[in-house]
Each structure stands twice: as structure tokens, then as C-alpha cells.
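Let's walk through this model together, from its overall surface down to one pair of helices. Have the coordinates open as you read.

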Amino acid sequence: AIYNFKELGKCSENYITDHIQWEVDTWHEEICKSTVGLCPASHDLGKYRMKLARWVTRKNGYEADILIRYKCNVNAGRSFVFHQLHVPVVAEICGSHQHIMGDNLAGRLCYSRNSWYRNIKDICENKTLAKELSETALDRFTKLYSQEKWAKRFAEELIGLIKQKSARIEN
């Protein structure tokens, strides 16, 4: 696991085999050596939403609260880094992760503790699966998030706004 354990303290979970201190100069090299990229999307629900989430979980027997948390306040940026570095991703289920990994062919989405363990284990034990997931994710990322296409779209939007403003000024 690559994280800032100097400030956060070392994680005591027994599934972490290596604790690597996150450093600005070495993060890229270390992430490229990773077996799997983990992208949790959890966030603080706040006092009232947390009570509602507990009630939904208890009342309906759900193992995890995907009803309340489904609209997360996170984006898929962390998984994008892993995709570009050819690292297969296991992520928490949320809307922004669906775009690339929604069908289980380009990564794994999790909604419970058991699904996290199972998916991490499957990827770690099956190098062919890991390679297929990372290649599919990179292919999708490249097609869906082309920097050239997004820059062109942004420039076109700016030109459109300038033309609208100019037309208002002339009238």
C-alpha cells in the first residue's frame, strides 16, 4: 500500500504486505509496480443521512448501503491514474466509476466488505484477469477521455460564449 503512513500511522490490516511511504518523487514508479489499484468512494454522510442509511440497511437486510451512498461526492480521477498506468482497479460502487467499469470487464465495483476481499483476491491470484481488466480499462479511458477531444470541445464552447457576448453587445 502506498500512503502517507508517517502522518496517518501504519495500517494494521493483515492483507497489506508492503507499506510504502508516499513521496512526490517516487509515487509514479511505485504505483506502476502495484498489483491492484483501490478506489474507495466513501464519504461522510452526515448525522441524519447516516441514521437513514443504518435504518435502510437494518430494515431491508442490505449488506451495504448503496441506496443512500449511490450519489457519491467523488469522481473517478483516482481510478483514471491507475487505468493509465496499466493497473487493474477495484473500486467502490458509485456513479462516476460506472462509465468505464460498469460492466465488470474493465475493473471491479464493490458494494460490501466481502466483494472487496473477493475481487482483490481474484485479481491478485489471476494475472490473466488482471491484464485483461487493465487493458480494457485503458482502451476505454483512451477512447472516452481524449485530451484532444476535450480541449477542442472546451475551445469551441469558449468561442460560442464569446460570440454570444459579442452579439449582445452589438444589440
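Predicted model: local features only at pLDDT ≥ 70, side-chain atom pairs only at ≥ 80, totals over all residues.

Residues are numbered from 1 along each chain as its sequence is written, and side-chain values use heavy atoms, leaving out hydrogens and water.

Of the 171 residues, 30% count as buried (under 20% relative accessible area; exposed is over 50%, partly exposed in between, with a 1.4 Å probe and protein chains only). Nine helices and five strands make up the secondary structure (DSSP runs, H or I of at least four residues for helices, E of at least two for strands). Along the sequence they follow the pattern β-α-β-α-β-α-α-α-β-α-β-α-α-α.

Now zoom in on helix α7 (residues 113–125) and helix α8 (residues 127–144), whose axes come within 5 Å and cross at roughly 105°. The two are therefore roughly perpendicular to each other (angles of 65 to 115 degrees). Asp122, Ile123 and Glu125 of α7 meet Lys127, Leu129, Ala130 and Leu133 of α8 in this contact (heavy atoms within 4.5 Å).

Finally, the cysteines: Cys32 is partly exposed at 37% relative accessible area, whereas Cys110 is buried at 0%.

How values were computed: Axes fitted to C-alpha atoms, helices over the stretch in contact; angles between N-to-C directions. Parallel < 35°, antiparallel > 145°, perpendicular 65-115°, else oblique.
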